[in-house]
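Hello! Please have a look at the model first.

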Amino acid sequence: MLDNYEVDRFGVIHQIDFTPIKYDKKYISYYEDLSDRTIKLGYQRLGWVLG
């Protein structure tokens, strides 16, 4: 087993030590900013497929 992970009695793997994620406005805005880039890449891929 990898360091920082353990298997419980049901066979489920759990991470022992972790940093919780704070789902605040800053976190959400980071992924909202990526959506425009993702859409543009999708159009570019569609152009490659159609080409």
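1. Let me start in the helix: E32 lies in helix α1. E32 counts as partly exposed because its relative accessibility is 48%; the classes used here are buried for under 20% relative accessible area, exposed for over 50%, and partly exposed in between, with a 1.4 Å probe and protein chains only. From E32 to F18 the C-alpha separation is 25 Å, and the two are 14 residues apart along the chain.

2. A word on the ground rules. This is a predicted model, in which local features need pLDDT of at least 70 and side-chain atom pairs count only at pLDDT 80 or more, while totals for chains, interfaces and linings use all residues. Residues are numbered from 1 along each chain as its sequence is written, and side-chain values use heavy atoms, with hydrogens and water left out.

3. Helices (H or I, at least four residues) and strands (E, at least two) are DSSP runs, numbered from the N terminus.

4. Along the principal axes, the C-alpha atoms fill a box of roughly 55 × 30 × 20 Å.

5. How much of the chain is buried? Buried residues make up 0% of the 51 residues. The exposed surface comes to about 5,300 Å², with 58% supplied by carbon and sulfur atoms; accessible areas come from the Shrake-Rupley method with a 1.4 Å probe, and for residues only the protein chains shown count as cover.

6. Next, the surface patch. L2, Y5, V7 and I13 form a nonpolar patch with about 400 Å² of accessible area together. Such a patch joins nonpolar side chains (Val, Leu, Ile, Met, Phe, Trp, Tyr) within 5 Å, like charges being joined within 9 Å, and takes residues with over 30% relative accessible area and no salt bridge (a side-chain nitrogen of Lys or Arg within 4 Å of a carboxyl oxygen of Asp or Glu). One member, I13, sits in strand β2 (residues 13–15) and counts as exposed because its relative accessibility is 52%.

7. N4 is not a glycine, yet its phi is positive, about 75°. Most residues other than glycine have a negative phi. With a relative accessible area of 29%, N4 is partly exposed.

8. Two further residues give a sense of the spacing. E6, in strand β1, is partly exposed at 44% relative accessible area; E6 and P20 are 14 residues apart in sequence and 18 Å apart in space, C-alpha to C-alpha. D24 belongs to the loop between β2 and α1 (25–50) and is partly exposed at 29% relative accessibility. Between the C-alpha atoms of D24 and H14, which are 10 residues apart along the chain, the separation is 25 Å.
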